[in-house]
Amino acid sequence: MRVLLVEDDMTTARGISMMLKASSMITDTAATGEEALELASLYDYDIIILDIMLPDMEGYEVVRRLRGNRVETPVLILSGLSRPQAKVKAFGMGADDFITKPFDQQELMARLQAIIRRAKGFSQPTLSVGPLLLNLGSREVRVNDREVHLTGKEYAILELLTLRKGLVLTKEVFLNHLYGGIDEPEAKIIDVFICKLRKKLAQAGAGELIGTVWGRGYVMREPALQCARFPAPELPAPSRQAAPQAAA
């Protein structure tokens, strides 16, 4: 997952960033509302964690402008304000959740995962695609009730594909989520990761889930949808030739 943290207090930002990175989340930070708006327009974040009291504008205004710019990324407000009016205003602007500081780390992580699941169309704690089950909390992957052991990068790719099921993801999108723009390798490394991931899923009985869209990228599809999208061609019926006329 990739998170945008908008917090002007450096100590708080550092602590939250360390917590998110410990859960293998790529985390970008912004100290102002304008910086947050620019980053949110450039990158595809899974969620934005936003403080209300920023040096250049209130977090409410950030949410209002995000929604006005058709940025649908979920927003979790993390603020020291506890009065009900602050929460009502945040929700009215388009925020998805509100947590008051100080907060419990486990509660924050649980709410993050729940918001992201719902935003991507998954209501259950475990994401499922065909025989694949992926648990965001434990990072456990199972196929047909058999555990599949993945490396950190392989899991991150599978999680990204699953959360964006049905969308074609380019190699650049994978690189941004895996490396966050820091020391990115060549794009062909994504082909290597996908190849290894497919092999492990195939060995467990789910090798058909990740499709290739030539010239564009990769996509996660439900098995039944793959069959419907690429139906078997109908063979033409054999032509019948007229029987030769008997000689008079």
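Predicted model: local features only at pLDDT ≥ 70, side-chain atom pairs only at ≥ 80, totals over all residues.
## Salt bridges and a pocket

Residues are numbered from 1 along each chain as its sequence is written, and side-chain values use heavy atoms, with hydrogens and water left out.

What does E154 pair with? K200 forms a salt bridge with E154, and their closest N and O atoms are 2.8 Å apart. A salt bridge is a side-chain nitrogen of Lys or Arg within 4 Å of a carboxyl oxygen of Asp or Glu. K200 sits in helix 8 (residues 188-204) and E154 in helix 6, so this pair ties together parts that are 46 residues apart in sequence. Helices (H or I, at least four residues) and strands (E, at least two) are DSSP runs, numbered from the N terminus.

Side chains of opposite charge can pair when their charged atoms come close. The whole structure holds 16 salt bridges. One of them joins the side chains of D44 and R164, with 2.9 Å from N to O. This pair links distant parts of the chain, 120 residues apart: D44 is in the loop between helix 2 (33-42) and strand 3 (47-50), and R164 is in the loop between helix 6 (152-163) and helix 7 (171-179). R164 is buried at 3% relative accessibility, whereas D44 is partly exposed at 38%.

Now turn to helix 3 (residues 59-68), where R64 and E61 lie three residues apart, about one turn of the helix. Their salt bridge brings the closest N and O atoms to 2.7 Å. R64 is partly exposed at 42% relative accessibility, and E61 is partly exposed at 26%. Elsewhere, salt bridges link E7, D51 and K101 in a network.

Finally, look for the largest pocket, which has about 180 Å³ of space. Of its 15 lining residues, S24, I26, A156, H177 and L178 are the closest to its centre. Which helix gives the most to this lining? Helix 6 does, with seven residues.

Technical notes. Buried < 20%, exposed > 50% of the residue type's maximum accessible area, 1.4 Å probe, protein only. 1 Å grid on protein atoms, 1.4 Å probe; cavity = no way out; pocket = protein on both sides within 12 Å on 5 of 7 lines; lining within 4 Å. Points joined across faces, edges and corners; volume = space filled by probe spheres on them.
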